[in-house]
Amino acid sequence: MRVKSEWVNIFILCCTFLIAVTVSCNSQSQSNKRNQIVQAKNNTQLIESRIGAIRLKYSTGVRSILEDSKGNIWFGSYNEGVCLLQNVELRYFTTENGLSDNQVRSIYEDKNGIIWFECGRGLSIYDKKKMSIYKERNYDSTKQWKLSDSDLWFKGDEIEGYNKLEGNPGVYQYDGEKLSYRTFPVTPKSGNNSTYSISTAFVKPKNGTVWFGTYGAVIGYNGSDFKIIDNEYLGFTDKTGSLHIRSIMEDSKGNLWIANNGIGVLKYDGKETINFTAQQKLKKEDTKGNSLERVFSIGEDTAGNIWFGTVEFGVWRYDGNSVKNFTAAHGLESKHIWIIYKSKQGELWVGGANPSGVYRFNGNSFERKY
């Protein structure tokens, strides 16, 4: 019996020891996790602190933004080239470093990780090592329209209008192998080559239609048919005001938003088009102050709110019921908002001019980020 009792005691002591070791390991593991979280927060704060000490040196405005697949951030300017934020350092590129033009309207990344820059004139690419002008063009299939999931689309090579090789209004399509020019099924009026010149970044086909914004029309292609929303389609005249398109966006509900410099924002739901600015009574004649008429950018945040960037009057947020204006009083110093961008972390950024900068919305107001 004494032997049995001793074995029981030994067993109890072993169990007690194992429990103590396990508790100690768990406590140490939890402590390590807490330390890792604290260290990650400290690292983030350090990086943000270092970034906060770095400001984009542009004076003409931030016109385009892209976060690439490697976590780098690109900032295209109105007339000063493009800047790469990598490892908390800024690197600038201009025509002296391989850009086709110092105005960078849109920035994209293709399926191979190549970064494309749609400039005022021409195209440039960054192949992970260097910047260079992309010169290859194909003009043998201008009417052979087709769609694929990885297409990139670019404006013509001129600032406005089209050159002799392009011949007619259209867009360049990059299918992952070659860049081909496709012409729109439109006939421009004599002496007005800018009507069908691309003025916005293209809208990827969420619902099967890719949308192109030109100064005087929005053109959609679904793989077989074209949809053209122009002054004639809308019944606009010189008296009512006409299209001067600066941005387009398809929201998460499938609505197409069209920003104009003059007549404000239009909303197309696939069936009818309404003048959102007039509907919300945000024309100058209605507000006698800040208005939503000269609109240059549109974006959507993670909550589904629609944002509009203007000239003179900051940004406006539409939550589905009401519209709120954010200006310098809310930390947004830029008076000309070129782009509204949703970061990969879900932050809402706006890039603008007068003065230049990128601002982050913190839920209540804006603060300078870059």
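This is a predicted model: local features need pLDDT of at least 70, side-chain atom pairs count only at pLDDT 80 or more; totals for chains, interfaces and linings use all residues.
Cys119 has a relative accessible area of 0%, so the residue counts as buried. How many disulfides does a search of the whole structure find? The search returns 0. In general terms, a disulfide is a covalent bond between the sulfur atoms of two cysteines.

**The whole protein**

Zoom out and show the cartoon. The protein has 4 helices and 26 strands. Its 370 residues include 48% that count as buried. Among contacts with a separation of 6 or more, 44% are between residues 24 or more positions apart.

Next, select residues 62-67, which make up β1, and residues 89-93, which make up β4. These are the edge strands of a sheet, each pairing on one side only. Which order do the strands of this sheet follow? The order is β1-β2-β3-β4, in an open sheet of 4 strands with antiparallel pairing. On average, neighbouring strands in the sheet are turned by 20 degrees against each other, direction ignored.

Now colour residues 73-77 for β2 and residues 82-86 for β3. The two strands are paired in the antiparallel sense, over 4 bridges. To see a facing pair, pick Ile73 and look across to β3, where Leu85 stands opposite.

**The largest nonpolar core**

Show side chains for Ile65, Trp74, Phe75, Val82 and Phe117. These residues have the most contacts inside the largest nonpolar core, which has 26 residues. Which elements give two or more residues to this core? They are β1, β2, β3, β5 (104-109), β6 (115-119) and β23 (336-342). The most comes from β3, which gives 4 residues. As a general point, nonpolar side chains in soluble globular proteins tend to be buried together.

Stay with Phe117 and display what surrounds this residue. Leaving aside neighbours within four places in sequence, Phe117 is in contact with Trp74, Val82, Leu99, Val104, Ser106 and Ile107, among others. The list of contacts also includes Gly122, Leu123, Ser124, Ile125, Tyr126 and Met131. Another core, of 25 residues, lies apart from the largest one.

**A network of salt bridges**

Move on to the charged side chains. The structure holds 6 salt bridges. Side chains of opposite charge can pair when their charged atoms come close.

Select Arg360 and Glu347. They form a salt bridge in which the closest N and O atoms are 3.1 Å apart. Arg360 is in strand β25 (residues 357-361), while Glu347 is in the loop between β23 and β24 (348-353), so the bridge is one that links distant parts of the chain, 13 residues apart. Are these two partners buried or exposed? Arg360 is buried, with a relative accessible area of 18%. Glu347 counts as buried as well, at 18% relative accessibility.

The side chains of Lys369 and Glu347 meet in a salt bridge, at 3.6 Å from N to O. This pair too links distant parts of the chain: Lys369 is in the segment after β26 (366-368), 22 residues apart from Glu347 in its loop. Lys369 counts as buried because its relative accessibility, 15%, is under 20%.

Arg360 forms a salt bridge with Glu367, and here the closest N and O atoms are 2.6 Å apart. Glu367 counts as partly exposed, at 30% relative accessibility. With shared partners, the salt bridges join Glu347, Arg360, Glu367 and Lys369 into one network.

**Last stop: Met249**

Finally, select Met249, which lies in strand β15 (residues 245-250). Met249 counts as buried, at 11% relative accessibility. What is in contact with Met249, leaving aside its neighbours within four places in sequence? Val203, Asn255, Leu256, Trp257, Ile298, Gly299, Glu300 and Ile306 are in contact with this residue. To end, draw a distance from Met249 to Trp211. The two are 38 residues apart in sequence and 8.7 Å apart in space, C-alpha to C-alpha.

Note on methods:
Residues are numbered from 1 along each chain as its sequence is written. Side-chain values use heavy atoms; hydrogens and water are left out. Two strands pair if DSSP finds at least two bridges between them. Axes are lines fitted to C-alpha atoms, for helices over the stretch in contact, and angles run from 0 to 180 degrees between N-to-C directions. A nonpolar core is a set of buried Ala, Val, Leu, Ile, Met, Phe, Trp, Tyr and Cys residues joined through side-chain atoms within 4.5 Å. Buried means under 20% relative accessible area, exposed over 50%, partly exposed in between (1.4 Å probe, protein chains only). Contact means heavy atoms within 4.5 Å. A disulfide is a pair of cysteine sulfur atoms within 2.5 Å. A salt bridge is a side-chain nitrogen of Lys or Arg within 4 Å of a carboxyl oxygen of Asp or Glu.
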